[in-house]
Amino acid sequence: MSIESNAQFDVINWFRAASPYIKNHRGKTLVIALSGSSLRSDMLPTLSHDLALLSHLGLRLVVCFGLRAQVDDQLAQTKTRSHIVDGRRVTDATSLAAIVSSAGVARNDLEARLSMGLPNTPMAGARLAVSSGNYVIAQPFGVHAGIDFLHTGAVREIYHEAINALLEAGHLVVLPPLGYSLTGEVFNITVSEVATACAIALKADKLIYLVDELPKDQHGEQIRQASVNRVQRWYDAESTAAAAADTDQTVAINTELEQILPDAIAACAQGVERVHLLENANPDALLSELFTRDGSGTMITAERWEHIRTASIADVGGIIQLITPLQASGTLVTRSREELELDIEHFVVSERDGMIVACAALYLDPETSSAEISCIATHPAYRGEGRADQLLAHLEQQAKEAQCTVTRILSTRTGHWFVARGYVETRPDELPSTRLASYNHQRNSKIYCKDLLN
């Protein structure tokens, strides 16, 4: 098979894998915030193609853009000084004129890119309708710490009825970092605030910020997912107890993120399900984040993106996919679908964005105050990240709550893993009589127990 054929099959397989996300995203509302530097990044040409694709897949799109880099350059040309205080520009008349001028240029550039439709291009025949208008109602930001921010404003209201009407008609809505007051004034507003207020007003399903750099942990590794509580702890300098308990407190946050992350927290707190931070240097970031399971950026959620829950009959297929390879190798005892369906109430699963990535089962024996943990399995793509530990701890806690004093496991190959977690090998004849009667001597599993009282 040729290299070209392999690439074609890769595309087809990716498209198949994306099918559930295409279905889930149809009809959903996305608000995307582009910084001024994003408008200059290598991502912009492909971003316009991607926005057209998302629109044709049935997503409702609002694109908000910033202009800080553009305005700084324009003011520098006239040697005009401008001050940024706590992430906001002190907007005098000269700065406001530069912002209004830059907004017109940037909006026209975006509209031109989104209107491309030449044959043999990704935008061929796209015909994407783009609309903009006075949908952001503003009020003066006012005086803070003795500084009058002049023509800098804050969002007072989003005219969401008008935006929704355009979205329902299939338009992509573009919003500059400007707001208009009831007295006819124009105000400069940060793109982060416009996008966040818009997402909240529209009850958007996702709010996406394109940023220069993603947050990193103390080891310099990109943070892929965080709850709102975790993000809040990054800012909570007074909570020394939390800092001691949470080893990821040392997070690299630049000035841009210092402004965006509080808005992300506010969006999640007010009903936006997920906030995504994407790196504007990555031209594939948007599609990768929306149509692959692990994405490419950092996702912030009000709830845990991945969580442990009690299994249901609908999870049997996912559990079978996890345990079948381990059953074939002899690591796990073979269970039929019928046996799994009958025992499903004993199982818990770790679910990641709708996919079962790990499972385990707990069988309580109240008469002997003991419990047996079995069928611990993790998807190969997610091993080595602590999921089995989480499931084991979760089931041990359930056993304690059921007044069990001992947990046990039977294993042919992974006993060392359990020994490292406090289990001690015992003999089959030390099993409770009811369990000994069903012990498979031919399989010859080793038995490990753990005292839950210590």
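Rings of Phe, Tyr and Trp (its six-membered ring) form a pair if their centres lie within 6.5 Å. The structure considered here is a predicted model.

**Aromatic pairs**

By this rule, the count of aromatic pairs comes to three. In one of them, the centres of the Phe 141 and Phe 149 rings are 5.0 Å apart and the planes meet at 85°, so the arrangement is edge-to-face. An edge-to-face geometry is also assigned to Trp 417 and Phe 418, because their planes stand at 85°, with ring centres 5.0 Å apart.

| Residue | Relative accessibility | Class |
|---|---|---|
| Phe 141 | 19% | buried |
| Phe 149 | 3% | buried |
| Trp 417 | 21% | partly exposed |
| Phe 418 | 7% | buried |

Since buried means under 20% relative accessible area, Phe 141 at 19% counts as buried, whereas Trp 417 at 21% counts as partly exposed.

**Helix packing**

Two packed helices are described by the angle between their axes and the distance between the axes. For helix 6 (residues 191-202) and helix 9 (residues 255-269), the angle is about 10° and the axes are 10 Å apart. Helix 6 is therefore roughly parallel to helix 9. On the helix 6 side, the contact involves Ser 192, Glu 193, Thr 196 and Ile 200, which meet Gln 259, Ile 260, Asp 263, Ala 266 and Ala 267 of helix 9. By residue class, the contact of helix 6 with helix 9 comprises four nonpolar, three polar and two charged residues.

Note on methods. Residues numbered from 1 in each chain as written. Predicted model: local features only at pLDDT ≥ 70, side-chain atom pairs only at ≥ 80, totals over all residues. Heavy atoms only, no water. Phe/Tyr/Trp six-rings, centres within 6.5 Å; stacked < 30°, edge-to-face > 60°. Buried < 20%, exposed > 50% of the residue type's maximum accessible area, 1.4 Å probe, protein only. Axes fitted to C-alpha atoms, helices over the stretch in contact; angles between N-to-C directions. Helix = DSSP H or I, 4+ residues; strand = E, 2+ residues; numbered from the N terminus. Parallel < 35°, antiparallel > 145°, perpendicular 65-115°, else oblique. Contact = heavy atoms within 4.5 Å. Nonpolar A, V, L, I, M, F, W, Y, C, P; charged D, E, K, R; others polar.
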